[in-house]
Amino acid sequence: MAGQSRKWMILVATVWIQAFTGTNFDFSAYSSDLKSVLGISQVQLNYLAVASDLGKVFGWSSGLALLYFPLWVVLFMAAFMGLFGYGLQWLVMRDIISLPYILVFLLCLLAGCSICWFNTVCFVLCIQNFPANRPLALSLTIAFNGVSAALYTLAGNAIDSSSNDIYLLLNAFIPLITSVVSLIPIIRQPSLDPLPPDGVRRDSLIFLILNFLAILTGIYLLLFGSSSSDGTRARLLLGGAIFLLIFPLCIPGIVYAREWFHRTIHSSFSIHGSGFILVDVDDLELHKELITRESSYHENGDETMYEIKRRKSSGEKEGCCDSIVKKDRLAMLGEEHPVSLLVSRLDFWLYYTAYVCGGTIGLVYSNNLGQIAQSLGQSSNTTTLVTLYSSFSFFGRLLSAAPDYIRAKMYFARTAWLTIALVPTPIAFFLLAASGNAVALHISTALVGLSSGFIFAAAVSITSELFGPNSVGVNHNILITNIPIGSLVYGFLAAIVYDSHVSSSLNIITDSVVCMGRQCYFLTFVWWGCLSVLGLTSSLLLFLRTRHAYDQFEAKRISSMTPLY
């Protein structure tokens, strides 16, 4: 039982690490000041945002470090990378030192790399300590990465609400402090025996309770995260947020009270295993066995009813849509895809397009949020908008696990949920293009945050299901190469449009120029809206092509659970 209690302490420590290391999400809070201090154009500022995202390309280096160093050493290496990356930028912002643009670019790259290293540490902790409920642990901790900007806004308001460079100082030191606080649980990792079925169900219930606590935390930060009217009040609100992050440490008490929860609450929920990644080991092997057996029947001349129907209709001419949907589609979920096979599949490129034209656009939007608010005369609401995006990104990440909790009552392919999650993004951008008032800006920011948060959290599971759980590490790293590419292309597009309208609305602030008015981002919103429609279309095609594999998997899973008489 002591080992079981310690694993929950490790989960809470992982939540803390994720909650305080999403430091790239508060870039828009200080980007305008950084642009002014450096005296750079919007295009050059965009390159700094790209540098932070480019750190994901070097995420593999953290895995390499784990081959030679203990987990806690890698954790502190990440913390010190962030300390130097953000700390030196803070010194530049305060005019204590002066650095050329290229060195600031490299500092942003180093800071972005530190985020990937923190993520790797968290993934390893979840995998080692929650083998049976690994997906639920990953989804919960990944969700808290989206709330970092709201927490940093609270902390910034509590210390000095009049200074935007405080965010860089917090980005430098808070992850290091969090690493120190999390050190003892990480060093004292328990050796866990395999859980029995009732233990897996008990842990699933605990994860459900933790998700409710997470929702409560998100609502709290949404309501109070940008409050800065009074320093004392801001410090009290920050204390409340820290309490909500510490409160899950009482989870060992929930473990000891599991019998009471099982009697009164657990029977109301239908939770079979973790369910978050449909392709678990046992179900996947059963599915492969059934597929192999069916294939052998075909080789021996026996035909299933599905094959008979397909053969009868083969004489009919297929339309263009049928050819796109059915040609070389996935036969089953969980089939391992080496890199050569992955990049040759149409399904992967549809998935890649849906991601780069969905979640990545949302990330670029958040990077430009400071300049967007400034151009629309909403500079005073920048921290509110950052908190709004952060909170709804958090809710979107939590919602990515909801389909698994309602799976018994309502089942859809996960690619269908991906399509639904992409719908708010084009709506948000076309709304911004149509109206530049404060209400439209707030609504659109919430919609983009919700959509991109869902995509970021669900992507690992979708990659695992479509292209194999054993290859997910390599394949997912290939997938997220779209983030720096999209960040560069979309940010550059936005910067070109922005700078082209500076002359018509010149507003000089220190050494930089600022564009004011709706025209600064109007064409950008139209382009982003059209591109997000492309992402939505790609996601819909991906769903149509994979629906058969999902339906087949679910039907066989249900039939395998049906008792024989």
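1. Phe 247 is partly exposed, with a relative accessible area of 36%, where buried means under 20%, exposed over 50% and partly exposed in between, with a 1.4 Å probe and protein chains only. Phe 243, by contrast, counts as exposed, at a relative accessible area of 51%.

2. This is a predicted model, in which local features need pLDDT of at least 70 and side-chain atom pairs count only at pLDDT 80 or more, while totals for chains, interfaces and linings use all residues. Residues are numbered from 1 along each chain as its sequence is written, and side-chain values use heavy atoms, with hydrogens and water left out.

3. The structure holds 23 aromatic pairs, a pair being rings of Phe, Tyr and Trp (its six-membered ring) with centres within 6.5 Å, called stacked with planes under 30 degrees apart, edge-to-face over 60 and tilted for the rest. One of these pairs joins Phe 243 to Phe 247, with 5.8 Å centre to centre and 40° between the planes, and is tilted. The pair of Phe 394 and Phe 395 is also described as tilted, because its ring centres are 6.0 Å apart and its planes stand at 50°; both Phe 394 and Phe 395 are buried.

4. A cluster linked by ring pairs takes in Tyr 365, Phe 429, Tyr 498, Tyr 521, Phe 525 and Trp 528.

5. Ser 393 belongs to helix H21, which covers residues 382–399; helices (H or I, at least four residues) and strands (E, at least two) are DSSP runs, numbered from the N terminus. The relative accessible area of Ser 393 is 1%, so this residue is buried. If residues up to four places away in sequence are not counted, Ser 393 touches Gly 146, Gly 449, Leu 450 and Gly 453, contact meaning heavy atoms within 4.5 Å.

6. For the protein chain as a whole, the secondary structure comes to 28 helices and two strands, and buried residues make up 55% of its 565 residues. Among contacts between residues at least 6 apart in sequence, 84% join residues at least 24 apart. The accessible surface comes to about 23,500 Å², of which 67% belongs to carbon and sulfur atoms, as computed by the Shrake-Rupley method with a 1.4 Å probe.
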